[in-house]
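Here are my notes on the model you sent over. Have it open in your viewer while you go through the points.

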Amino acid sequence: MPVNQLFSRDSDNFRPSAIRAFARLINDPNIISFAGGVPSPETFPAEMLAEIAAEIIRERKAVALQYGPTRGLPGLREQIARICAGRGFTASPDDIIVTTGSQQALDLIAHTFLDPGDVVLVELPTYIGATASFLARSADLAGVAQDEDGLNPRSLREVATQLIREGRRVKMLYTIPNFQNPSGRLMTQARRPEIVALALELGFLIIEDDPYGELVYTNQADTTPLRAHDAENVLYLGSFSKILAPGLRCGFLVAGQAIGRKLEIAKEAADLCSGMLDQSIVEEFCRRGALPAQIERVRSFYRGKRNLTIQALERHFGGRASWTSALGGLFTMVTLNGAIDTASRIAVAIERGVAYVPGGPFFVDGSGANTMRLTFAKETDDRLREGIARLADLFNEETS
Ligand SMILES: Cc1ncc(COP(=O)(O)O)c(C=O)c1O
C-alpha cells in the first residue's frame with residue numbers, strides 16, 4: 001500500500017512554516033536579514049549558563065540527567081510562580097506546567113480542546129507556529145481585526161457571534177497581547193478586561209501567549225496579562241526563549257486545576273517530561289537571582305536596535321508606508337502604500353542582499369499582501385541602516 005494512504009486525516013492539514021523556510025537565508029553573511037525571528041546569541045548569558053550546567057551535571061545528576069515530573073521540577077515551578085507575580089497575576093506552583101517551549105503548550109492545548117471543524121479565533125495577523133498547531137488538529141481559523149490598540153473587541157464580538165449563530169463551535173481565542181508576533185503591537189489595558197468579559201459571555205477560552213512581555217523598551221507600556229483579570233478562562237503561556245535562550249526549550253503554561261490535569265495527561269503521552277537538564281539550569285539561573293539583570297541586558301540590547309530601525313524607516317519610507325511602533329518585542333510590521341505584493345519581491349530582495357518575511361502568511365483571511373515583518377534582532381546597527389535603505393530602493397518604484 002502506498003504510504004500516503006496510511007497518513008492520518010489530520011496530517012493533511014499539517015503546514016510547513018512559511019518563516020522557517022527563510023531560515024536558510026538568515027545565515028548568509030551577504031544578506032542583511034530582517035527575516036527570521038530568533039533572538040541574538042549576543043544576549044545569551046553563555047558563561048553563567050556554562051558554569052551552572054557544569055555544576056549541575058556533576059552534582060545533581062540524579063535529577064538533571066534523569067526522567068522527572070511531567071509538570072516540571074517543583075523548584076522551577078516555584079520560580080515561575082514568582083515570575084508570574086512580578087508580571088501582575090497570582091499563580092500557584094500547582095497551576096503551572098513546564099513545557100518544551102511555549103510551542104509545546106500550544107500543541108497540547110490544540111490536542112486537548114480541538115475537534116475537526118472547531119473554530120479558533122486569531123488576530124489578523126497572528127503567529128504562524130500557533131496556527132500550525134491548530135490546523136494540525138483540523139480546526140478552522142477565523143480572523144479578528146487589530147488596530148493600533150491591539151485586538152479590536154468590536155470585531156471579536158462580531159466575528160464570534162456570527163459564527164455561533166451559524167452553529168459553529170467557537171472554542172478559543174488565541175491572542176498575543178504584548179508586542180505581538182508579527183505586528184509588534186501592544187494591546188491597551190483598557191481592552192483587556194473587555195475581551196476577557198466577552199469570552200466569558202460567549203463561552204470560549206482565551207489562550208494568552210506572552211513570550212515578549214518582558215522585552216519592553218519604554219516606561220509607558222503596561223503589559224499586565226489578561227490572566228490578571230480572570231484566572232479560570234484564560235490559559236497563560238510564558239517562555240524563557242526570548243529572555244534567556246531558546247535552545248533551553250523552556251516554556252510554561254498556567255491553567256486551573258481541571259484544565260491543568262487534562263493538559264498534564266496530554267503531555268505524559270507527548271514526551272513524559274520536558275528536558276530535566278534544561279529545567280535544572282533555568283531553575284538555578286533564577287534561584288541565583290540572575291534573571292532581572294539578564295532581562296535588563298536583553299532590553300538594552302534591543303532598545304537601541306529598535307530605535308535605529310524606526311528612525312531608518314522614517315527616513316526612507318516616510319509617506320510611502322506605515323509601520324507599528326514596536327515599543328517592545330522583536331518586530332515591526334510595515335504596510336506599504338498601494339497594492340504591492342511583498343512576496344513577489346522577495347527573490348529580487350535576496351539578489352540585492354536583503355531579506356524580510358512577507359506578511360501574507362500571517363493573515364488567515366488572505367489579506368496582508370502589502371505587509372512585511374521586520375525583525376531588528378539580528379543585525380549590527382550599520383547593517384540595519386543599510387538594510388532599510390536597500391528595502392526602500394527595492395520598493396521605491398511601486399510606492400513613490
Ligand atoms: C508568539 C510566539 N509564541 C510562541 C513561540 C514559541 O516559542 P518557544 O521557543 O517558547 O517555543 C514564539 C516563537 O517565536 C512566538 O513568537
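1. The crossing of α1 and α9 is right-handed; a crossing gets that label if the near helix is turned clockwise from the far one by less than a right angle, and left-handed if anticlockwise. Helix α1 covers residues 46–59 and helix α9 residues 276–287, and their axes come within 10 Å, crossing at roughly 120 degrees. Axes here are lines fitted to C-alpha atoms over the stretch in contact, with angles from 0 to 180 degrees between N-to-C directions. The pair α1 and α9 is therefore oblique, given that under 35 degrees counts as roughly parallel, over 145 as roughly antiparallel, 65 to 115 as roughly perpendicular and the rest as oblique. Helices (H or I, at least four residues) and strands (E, at least two) are DSSP runs, numbered from the N terminus.

2. A word on provenance: this is a predicted model, where local features need pLDDT of at least 70 and side-chain atom pairs count only at pLDDT 80 or more, while totals for chains, interfaces and linings use all residues. Residues are numbered from 1 along each chain as its sequence is written, and side-chain values use heavy atoms, with hydrogens and water left out.

3. For polar contacts (pairs of N or O atoms within 3.5 Å), look at Asp209, where a polar side-chain atom lies 2.6 Å from a ligand nitrogen. Ser102 uses a backbone N or O atom, 2.7 Å from a ligand oxygen. In Arg249 a side-chain N or O atom is 2.8 Å from an oxygen of the ligand. The protein covers 91% of the 400 Å² of accessible area that the ligand has on its own (Shrake-Rupley, 1.4 Å probe).

4. Please check the backbone in the loops too. Leu124 to Pro125 is a cis peptide bond, omega near 0 degrees, and Pro125 sits between β3 (119–124) and α5 (128–135). Asn181 to Pro182 is cis with omega near 15 degrees.

5. Pro182 is in the loop between β6 (170–175) and α7 (191–202). Phe179 is also placed in the loop between β6 and α7, and its phi is near 50 degrees, a positive value in a residue other than glycine.

Note on methods: Polar contact = N/O pair within 3.5 Å; in protein donor to acceptor, adjacent residues only side chain to side chain.
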